Amino acid sequence: MFWVASAPLSGTGRVNVSPKVNEGTFHIIDENRVWYEDLTGSGVETISHLREPDNGRISILFHAFEGSPAIVRIYGTGTVYEYGTPEYDTFLSSVYTDNASLIDENQVLRRPGSRAIILVDILQVMTTCGWSVPYYEFKSYRTKLHDWAENLESHDTPFTAPSISSHQHSEGDTKSDKNLADLLAKGSMKSWWFSRNSHSIDGLPGLLGAFGIDGVLNSTRHYPGHAVAAVDKASVESEKVTESRRVRRSFILGVISGLTLSVGVTLTLASYANMTPTLNSRLR
């Protein structure tokens, strides 16, 4: 079990921490590089943060639940290789299998829902005591994510995606988004990537290849710049305005609370000052 932390460059962006609990998904290349298989989930925060220009920051944390206490932190910069790219295929087979003979041969095979390889170039490794981490007894792995992803992938079907020349997408144009969404099989993995994994909650681009056909990516998105995505520009701008209002409201409430505390302390000190001569006279 390990934890992955990342964040956008924006000071108001959400810092993300994700648990990773899938046996055999973390791998060590050498003392300078590690990688793990990123499985499909409800969000796409880590991928979005790593792909943000001038970002790429990532931290990985391991800690012991049994035996001697220990914490290991890996600080580095991450690179995303999506399913269907040649780089992805250098790390994983593109086909999932339960064939024990292949697994026994130490071949690394794709799991259902695998959407990317996260390669981390290590900047620093730090170990700490971990004395406050409690003991936990491992019972078993959960299979729900595996079963869910397997079901979604069983509904993926080939389709003919429009080329860039025939798919001229302009800012604010949501019609082409809907047309592309209609090409995806309902309840399929690619449909999930399109609707849930194309942007982070802060509006940063996530998966670029949600329109892959049988492992081949189609250039139906335009990066950098506006993306064909389920989250349109108006939604992103609305979220930014809402966040700005939250920050202002928190600041105002903080100022009011500070003034209230200051007045309370002042009144208390003044009351104490008035009482001091009376107490002194009684003590005499």
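Colleague: In which sense do strand E1 (residues 2-6) and strand E5 (residues 57-63) pair?

Modeller: Helices (H or I, at least four residues) and strands (E, at least two) are DSSP runs, numbered from the N terminus. Two strands count as paired if DSSP finds at least two bridges between them. Here E1 and E5 are antiparallel and share 4 bridges; within this pairing, Trp3 has Leu61 of E5 as its bridge partner. Please note that the model is predicted: local features need pLDDT of at least 70 and side-chain atom pairs pLDDT 80 or more, whereas totals for chains, interfaces and linings use all residues. Residues are numbered from 1 along each chain as its sequence is written, and side-chain values use heavy atoms, with hydrogens and water left out.

Colleague: How many bridges join E1 to E2, and how many link E5 with strand E6 (residues 71-82)?

Modeller: E1 and E2 run antiparallel with 5 bridges, one of the pairs being Val4 with Ser18 of E2. E5 and E6 are also antiparallel, over 7 bridges, and Ile60 is partnered there by Ile74 of E6.

Colleague: In what order do the 7 strands stand in the sheet?

Modeller: The sheet is open and its pairing antiparallel, with the order E2-E1-E5-E6-E7-E4-E3. Strand E2 (16-20) and strand E3 (26-30) are the edges, each pairing on one side only. The average from one strand to the next is 30°.

Colleague: Which residues have the most contacts inside the largest nonpolar core?

Modeller: Such a core is a set of buried Ala, Val, Leu, Ile, Met, Phe, Trp, Tyr and Cys residues joined through side-chain atoms within 4.5 Å. Buried means under 20% relative accessible area, exposed over 50%, and partly exposed in between (1.4 Å probe, protein chains only). The core has 28 residues, and Tyr36, Ile47, Ile58, Ile60 and Ile118 have the most contacts inside it. Its largest share, 6 residues, comes from strand E7 (residues 114-128).

Colleague: Which residues does Ile60 touch?

Modeller: A contact requires heavy atoms within 4.5 Å. Leaving aside residues up to four places away in sequence, Ile60 touches Phe2, Trp3, Val4, Phe26, Tyr36, Val72, Arg73, Ile74 and Val120.

Colleague: What percentage of the protein chain is buried?

Modeller: Of its 284 residues, 34% are buried. The chain has 7 helices and 7 strands, in the pattern β-β-β-β-α-β-β-α-α-β-α-α-α-α along the sequence.

Notes: Axes are lines fitted to C-alpha atoms, for helices over the stretch in contact, and angles run from 0 to 180 degrees between N-to-C directions.
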